[in-house]
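Try each task yourself before you read its solution.

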Amino acid sequence: MNRIVIIGGGPAGYVAAITAAQQDKEVILVVDGPLGGTCLNEGCMPTKSLLKSADTYDLVKNAGQMGIRLSPNSIEVDWATVQERKREVISKLVNGIRYLMGKNKIKVIQGRASILSSNRLRIENGNENEVIDASKVIISTGSEPIPLPFAPFDGEWIIHSGHAMSLPAIPDSLLIVGGGVIGCEFASIYSRLGTKVTVIEMGEKLLPGEDDDITSILHDELMNQGVTVHTSTTVKNINSTSKTVFLENGDGKLVEMISDYVLVSIGRRPRVNGIGLEKNDIDFSRLGISVDDRMETSNPSIYACGDVIGGIQLAHVAFHEGRVAALNACGQFAQVNYRAIPRCIYTSPEIASVGLTEKEARQKYGEIKVGEFAFSANGKAVLSNKPVGKVKVLVNPQYNEILGFTIVGQHATELIGQGTIMLHAEITADMMEDLVAAHPTLSESIHEALLNVVGQAVHC
């Protein structure tokens with residue numbers, strides 16, 4: 001038998017399935033839900049569809065600054081159409097994955113899989129059970145939102161990100177618990193659509209993993225968009241009957257807040273329950289399944305990839321891990337390269353980074369060189385009326401090794417690809433001094449930041 005069975009049809013799972021099929025293996029993909037998983041159906045893609053609608057609304061409202069006169073009374077958000085467009089985007093992309101399954105002769109079985117032994121699985125679909133054999137198994141069951149311990153999700157008032165993107169109407173008010181990536185993205189969506197948004201973050205700042213100078217730019221811009229941000233603040237209790245949230249700020253003062261919805265975005269946990277891990281010598285914890293750099297678990301017949309292993313919970317990381325898991329399950333050798341993983345936050349302005357943050361770089365290397373270039377000095381950013389933000393590059397002075405890039409500003413999530421290539425290819429800063437960047441483009445700011453490391457930036 002030469003069969004690979006994959007549990008879970010999200011980014012890690014369907015990429016693993018296609019990769020294994022390309023190695024001429026018989027592949028079965030077991031999905032407990034729609035193809036594409038959380039990312040495509042309740043995460044990355046629908047969120048970005050809403051963000052695009054918010055961007056467009058914001059652009060039209062401010063068209064007067066570009067010399068385009070519109071009547072303010074004629075501009076409104078048709079929420080039903082926004083939602084329909086989002087559904088159309090999801091449907092098109094899900095159908096694309098379904099096409100790829102057929103093209104690669106992958107058998108898709110709907111149901112919930114559990115591992116009976118290293119080479120045998122049970123698939124449950126309603127009242128029907130099926131047992132199938134496998135040469136290798138790949139687990140890619142993803143993750144799920146973490147609720148507050150004293151206030152489970154009810155989908156009506158206490159909601160998670162999946163609920164937040166399909167609300168029946170644009171709410172008048174929204175209280176977001178958690179100032180991480182998901183919380184900030186939804187704050188950026190709804191505040192620009194007219195919702196009074198409040199963000200509660202227990203840490204000292206938004207986006208705790210990023211540098212202070214970067215998060216402060218986003219903080220200021222969210223406030224300009226009407227968002228109220230409370231840092232060093234903890235949710236103590238929630239009363240669903242009165243729709244009241246009880247908070248304690250850094251000074252120990254108790255505050256009560258009322259909101260149409262409470263969006264809890266305090267993180268996601270791996271889906272490790274009900275798969276049969278404990279019965280098959282697979283090491284795991286609430287933080288995820290333990291794997292090596294080949295995605296192999298403690299059971300050599302079973303691999304795991306994507307959010308279910310914890311670590312970096314990003315769809316593009318799951319793509320990469322799914323491919324590596326499949327290649328190794330097919331008898332080849334592949335390893336995951338975590339050195340150059342871009343991190344993208346689709347707020348307004350966007351934030352994108354790759355490699356080390358400045359704090360991490362100083363902790364690891366001590367003295368480093370920092371080159372920056374503000375978008376306020378970039379012609380394309382100025383003419384686009386988007387001058388907020390900057391490019392920051394970190395360099396090890398001993399070898400001119402590029403340690404990290406961070407970009408905050410317009411199209412940062414697209415621009416970070418250049419920094420990712422540099423880190424992946426281990427290009428040094430001095431190799432980029434003679435780069436010719438097209439003008440006028442935002443990309444010029446990357447070159448200027450690199451020149452700024454050696455004191456040769458021209459436009460700052």
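The radius of gyration is taken over C-alpha atoms, and the globule rule is 2.2 Å times the number of residues to the power 0.38. This is a predicted model, in which local features need pLDDT of at least 70, side-chain atom pairs count only at pLDDT 80 or more, and totals for chains, interfaces and linings use all residues. Residues are numbered from 1 along each chain as its sequence is written, and side-chain values use heavy atoms, with hydrogens and water left out.

**Exercise 1. The whole chain**

Task: Compare the radius of gyration of the chain with that of a compact globule.

Solution: Start with the rule: for 460 residues, a compact globule would have a radius of gyration near 23 Å. Next, take the value for the chain, 24 Å, which agrees. Then look at the extent: the C-alpha trace spans about 65 × 60 × 45 Å along its principal axes. Finally, turn to burial, where buried means under 20% relative accessible area, exposed over 50%, and partly exposed in between (1.4 Å probe, protein chains only). Of the 460 residues, 51% count as buried.

**Exercise 2. An open sheet**

Task: Find the order of the five strands in the open sheet that contains E1.

Solution: First, know your elements: helices (H or I, at least four residues) and strands (E, at least two) are DSSP runs, numbered from the N terminus. The chain has twelve helices and 25 strands. Two strands pair if DSSP finds at least two bridges between them. Reading across the sheet gives E3-E2-E1-E7-E20, with parallel pairing. At the edges are E3 (107-110) and E20 (302-304), each of which pairs on one side only. Now zoom in on E1 (residues 3-7) and E7 (residues 136-139), which are joined by four bridges. Here valine 5 is opposite valine 137 in E7.

**Exercise 3. A covered strand**

Task: Is strand E24 mostly covered or uncovered, and which strands pair with it?

Solution: Step one is to count: in E24 (residues 390-396), seven of its seven residues are buried, so "mostly covered" is the answer by the under 20% cut-off. Step two is to recall that, in a regular strand, side chains alternate between the two faces of the sheet. On one side of E24 are Lys390, Lys392, Leu394 and Asn396, and on the other Val391, Val393 and Val395, all buried. Step three is to find the partners. Strand E23 (residues 369-374) runs antiparallel to E24, with six bridges, and glutamate 372 is opposite lysine 392. Strand E25 (residues 401-409) is also antiparallel to E24, over seven bridges, and valine 391 has isoleucine 407 as its bridge partner. Lastly, E24 and E25 form a hairpin with four residues between them, and asparagine 400 in the turn has a positive phi of about 60°.
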